[in-house]
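Take the points one by one and find each residue as you go.

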Amino acid sequence: MILARKSLAIFFCAFLPGSLLADMSSVQGWLDRMSQAGRSLNYEGTFVYQHHKKLETMRIVHKVDEYGERERLMSLEGAAREIIRNNKSVTCILPDDKAVMVDKSRPKKSFTSAFPDSFEKLAPYYHFSMQGHERVAGLDTRIITIKPKDKFRYGYRLWLENETGLLLKSEKLDENAVPIEKIVFTSIRINKSIEDDDLRPQTSGREFTWYTEKDKDILMQPKDSPWKVDKLPVGFILKHYNTHDLPDSNEQIKHIVFTDGLAWISVYIEPLSHSKEFLQGESHMGAVSAYGRVIGDYHVTVVGEVPSETARMMGDSVRFTGTMASK
């Protein structure tokens with residue numbers, strides 16, 4: 001069956017290039033629609049997040065109005081946790097630890113909207129294909145597979161709701177197309193009215209300890225950095241480079257971010273400290289790979305949802321072109 005499909009693909013490529021192009025456009029059109037749906041629709045539901053041999057059940061409330069995009073995530077089992085997102089920050093409330101963490105630098109997006117606005121530029125690095133239909137959370141979906149063209153990034157299998165294109169299920173796939181991370185809605189209501197009260201946390205956290213990232217991010221030009229990463233997978237580009245203070249320390253950390261438009265990789269560089277343990281070598285947790293090494297008086301950590309080989313290759317290629325004594 002697989003060989004027959006390959007033969008048909010070759011036939012259409014040779015004799016009907018317009019049809020093949022239209023099919024590719026349809027896949028990318030659905031993916032673009034998925035990205036837009038995750039950012040523009042009101043929805044409320046429950047999903048299961050499977051990663052690192054663990055299962056977490058979460059509830060999500062997402063609203064878009066004149067105030068922008070707002071979202072509330074709540075853990076329904078295990079340690080209590082709430083995450084409040086808006087256009088400016090992400091606030092994580094941890095009642096068991098009596099702590100609140102606020103990140104103002106670059107708010108992360110939920111899995112329903114964490115994909116690029118357009119997939120057209122990803123074609124040199126990924127194959128896209130339709131893989132049929134399936135029901136998720138009682139709704140009809142179409143399945144799209146994203147397969148990397150090299151070993152330095154993961155693949156994806158996505159289930160998009162037929163009417164809106166909203167992402168209802170996602171699998172991150174290793175080099176053997178085996179899921180290493182899975183997110184799936186068990187129930188969802190789309191385009192429902194969301195009240196502002198539904199976006200407020202159960203616990204205000206006023207009496208908790210607050211850890212707020214200091215508004216001291218210094219955006220820098222890559223040419224001004226004494227740190228270089230010599231080896232990158234094809235298609236990855238420097239997204240931004242900045243210096244900021246750690247929430248619980250006066251020390252500064254340099255943060256360099258690379259992306260191919262779908263996968264993201266961070267390189268963190270900070271001064272060595274005798275009171276802190278640093279990662280040496282490789283570490284792996286679910287889809288997240290990390291690699292750490294010491295360069296002179298600094299520690300370098302590469303972290304991203306990429307294969308371990310990618311993090312190691314980049315980490316080993318980091319070099320310092322300035323004077324170590326200056327820090």
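This is a predicted model: local features need pLDDT of at least 70, side-chain atom pairs count only at pLDDT 80 or more; totals for chains, interfaces and linings use all residues.

1. Let's begin with a strand pair. Strand β18 (residues 281-285) runs antiparallel to β19, and the two pair over five bridges. Strands here are DSSP runs marked E of at least two residues, helices are H or I runs of at least four, and both are numbered from the N terminus. Two strands count as paired if DSSP finds at least two bridges between them.

2. Residues are numbered from 1 along each chain as its sequence is written, and side-chain values use heavy atoms, with hydrogens and water left out.

3. How confident is the predictor? pLDDT is its confidence in each residue, from 0 to 100. The chain has a mean pLDDT of 84, with 83% of its residues reaching 70 or more. Over residues 1-25, though, the pLDDT is below 50, and this stretch has four contacts in the model beyond near neighbours in sequence. A contact means heavy atoms within 4.5 Å.

4. Back to β19, which also pairs with β20: they run antiparallel and are joined by seven bridges. V294 has H299 in β20 as its bridge partner. This is another hairpin with two residues between the strands, and here G296 takes a positive phi near 60°.

5. Now find helix α3 (residues 308-317), where S317 lies. Its buried residues are T310, A311, M314, G315 and S317. They sit on the same side of α3, because they cover an arc of only 165° around the axis; the arc is that of the directions from the helix axis to the C-beta atoms. What do the buried residues of α3 pack against? The list is β14 (227-229), β16 (252-259), β17 (264-271), β19 (288-295), β20 (298-304) and β21 (318-320).

6. Is S317 buried or exposed? S317 counts as buried because its relative accessibility is 7%. The cut-offs are under 20% relative accessible area for buried, over 50% for exposed, and partly exposed in between (1.4 Å probe, protein chains only). Leaving aside neighbours within four places in sequence, S317 touches K228, V229, D230, K231 and R293.

7. Compare that with L55 in strand β2 (residues 54-65). L55 counts as exposed because its relative accessibility is 54%. Beyond its neighbours within four places in sequence, L55 is in contact with V48, Y49, Q50 and E77. Also check I183: it is 128 residues from L55 in sequence, but the C-alpha atoms are 9.6 Å apart in space.

8. Last, the salt bridges: a search of the whole structure finds 21. Each is a side-chain nitrogen of Lys or Arg within 4 Å of a carboxyl oxygen of Asp or Glu. E282 and R312 meet in one of them, at 2.3 Å from N to O. This pair links distant parts of the chain, with E282 in strand β18 and R312 in helix α3, 30 residues apart. E282 is partly exposed at 42% relative accessibility, and R312 is partly exposed at 31%.

9. Two others are worth a look. D65 and R70 form a salt bridge whose closest N and O atoms are 2.7 Å apart, and K63, D65, R70 and D196 are linked in a network. R70 is buried at 18%, while D65 is partly exposed at 21%. D140 pairs with R135, the closest N and O atoms being 3.5 Å apart.

How values were computed. pLDDT is the predictor's confidence in each residue, from 0 to 100.
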